[in-house]
Amino acid sequence: MKNILLLFGLAVVLLIGLTTYRNSKKEKPLVVILMGAPGAGKGTHSSELSKTLNIPHISTGDLCRENIKNETPLGKAAKELMDKGELVPDNIVVEMLFNHIHDKGYDLTGYILDGFPRTLIQAKALDQRLDKDYKKIALNLNIDEEKLIDRITGRLICTSCQTPFHKTNLPPKVEGKCDKCASDLYQRDDDTKEVLKNRLEAYNKDTKALIDYYQDSKVLKDIDSNGSKEIVLENLLKNINQKKS
Ligand code: ADP
Ligand code: ZN
């Protein structure tokens with residue numbers, strides 16, 4: 001009887017030891033923050049990174065547009081501001097994003113953020129949510145301003161899978177149709193020269209503090225986004241892999 005108890009005790013101790021060892025080895029989920037002006041390539045690269053790293057990507061711009069389409073209270077509050085190229089209030093975007101992450105179970109997988117945070121308040125809200133159980137990297141896509149205007153005003157987006165195309169630089173194989181899923185392409189209401197001016201102003205106004213914040217916490221990497229899609233992607237992956245190892 002004594003021997004059985006001893007064996008049982010030993011098994012329990014072994015099991016606890018093994019579980020603790022496993023947990024200490026478990027990789028922390030990764031959160032990638034893609035920053036950069038409108039048109040810097042956040043959308044394009046986050047969908048490529050999502051495939052390569054096998055974690056979901058979330059665009060707060062897409063979430064806003066989805067809420068507008070579904071005429072939710074959040075969407076109604078966001079519509080007028082978005083149309084003017086202004087930022088949606090922090091509390092609305094934070095609520096929308098955090099609900100989405102929770103509903104989809106993304107806390108466990110980690111994720112790529114495109115277009116969030118855009119203000120210091122949003123960055124702090126995210127840090128509070130992440131605490132220290134995540135690996136975090138902020139990648140800042142830098143691009144010359146004249147390139148942005150051409151990219152944005154010529155941009156066409158798939159109504160279904162959100163893949164971006166460009167009227168002249170990256171035209172779809174069939175006019176007006178997505179190469180990937182054959183759905184219709186559309187031009188965003190705020191992708192005009194006039195509205196872009198406001199979006200760039202909003203971006204420049206709030207970004208400096210955000211960059212300083214991530215620089216201070218040593219998670220920021222600057223990425224030159226003027227080169228080809230392939231080169232920029234390679235550079236992004238190199239920086240993310242360095243962070244992971
Ligand atoms: P872009 O980065 O090209 O401006 P987005 O699709 O990311 O495009 O954003 C479009 C609009 O959605 C913004 O101009 C803003 O009104 C709103 N928006 C998206 N994300 C945020 C955010 N994190 N905070 C405030 N407003 C946001
Ligand atoms: Zn598509």
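The side chains of Arg 155 and Asp 191 meet in a salt bridge, with N and O 2.9 Å apart, where a salt bridge is taken to be a side-chain nitrogen of Lys or Arg within 4 Å of a carboxyl oxygen of Asp or Glu. This pair links distant parts of the chain, since Arg 155 belongs to strand β5 (residues 155-158) whereas Asp 191 sits in the loop between β7 (185-186) and α9 (193-216), 36 residues apart. Helices (H or I, at least four residues) and strands (E, at least two) are DSSP runs numbered from the N terminus. The structure is a predicted model, in which local features need pLDDT of at least 70 and side-chain atom pairs count only at pLDDT 80 or more, while totals for chains, interfaces and linings use all residues. Residues are numbered from 1 along each chain as its sequence is written, chains are lettered from A and ligands numbered from 1 in the order in which they are written, and side-chain values use heavy atoms, with hydrogens and water left out.

Buried here means under 20% relative accessible area, exposed means over 50%, and partly exposed covers what lies in between, with a 1.4 Å probe and protein chains only. Asp 191 also forms a salt bridge with Arg 199, the closest N and O atoms being 2.9 Å apart, and Arg 199, like Asp 191, is buried. Through salt bridges that share partners, Arg 155, Arg 188, Asp 190, Asp 191 and Arg 199 are joined into one network.

In general, side chains of opposite charge can pair when their charged atoms come close. The structure holds 12 salt bridges, and one of them, between Lys 177 and Asp 184, has its closest N and O atoms 2.5 Å apart.

Of the 245 residues, 43% count as buried. Contact means heavy atoms within 4.5 Å, and among contacts between residues at least 6 apart in sequence, 71% join residues at least 24 apart.

Two helix pairs show how the helices pack. Axes are lines fitted to C-alpha atoms, for helices over the stretch in contact, and the angles run from 0 to 180 degrees between N-to-C directions. Helix α2 (residues 42-53) and helix α10 (residues 229-244) pack at an angle of about 50°, with their axes 11 Å apart. That angle makes α2 oblique to α10, given that angles under 35 degrees count as roughly parallel, over 145 as roughly antiparallel, 65 to 115 as roughly perpendicular and the rest as oblique. On the α2 side, Thr 44, His 45, Glu 48, Leu 49, Thr 52 and Leu 53 meet Lys 229, Val 232, Leu 233, Leu 236, Leu 237, Ile 240 and Lys 244 of α10. By class, this contact of α2 with α10 has seven nonpolar, three polar and three charged residues, where Ala, Val, Leu, Ile, Met, Phe, Trp, Tyr, Cys and Pro count as nonpolar, Asp, Glu, Lys and Arg as charged, and the others, Gly among them, as polar.

In the second pair, the axes of helix α3 (residues 60-69) and helix α4 (residues 73-84) come within 8 Å and cross at roughly 115°, and α3 and α4 are therefore roughly perpendicular to each other. The contact is made by Gly 61, Cys 64, Arg 65, Asn 67 and Ile 68 of α3 together with Leu 74, Gly 75, Lys 79 and Met 82 of α4, and by class it has four nonpolar, three polar and two charged residues.

The backbone, finally, deserves a look. Most residues other than glycine have a negative phi, and most peptide bonds are trans. A cis peptide bond joins Phe 116 and Pro 117, with omega at about -5°, and Pro 117 lies in the loop between β3 (110-114) and α7 (120-130). Asn 54, in the loop between α2 and β2 (57-59), has a positive phi near 60° and is exposed, with a relative accessible area of 68%. Ala 182, found in the loop between β6 (164-166) and β7, has a positive phi near 65° and counts as exposed at 51% relative accessibility.
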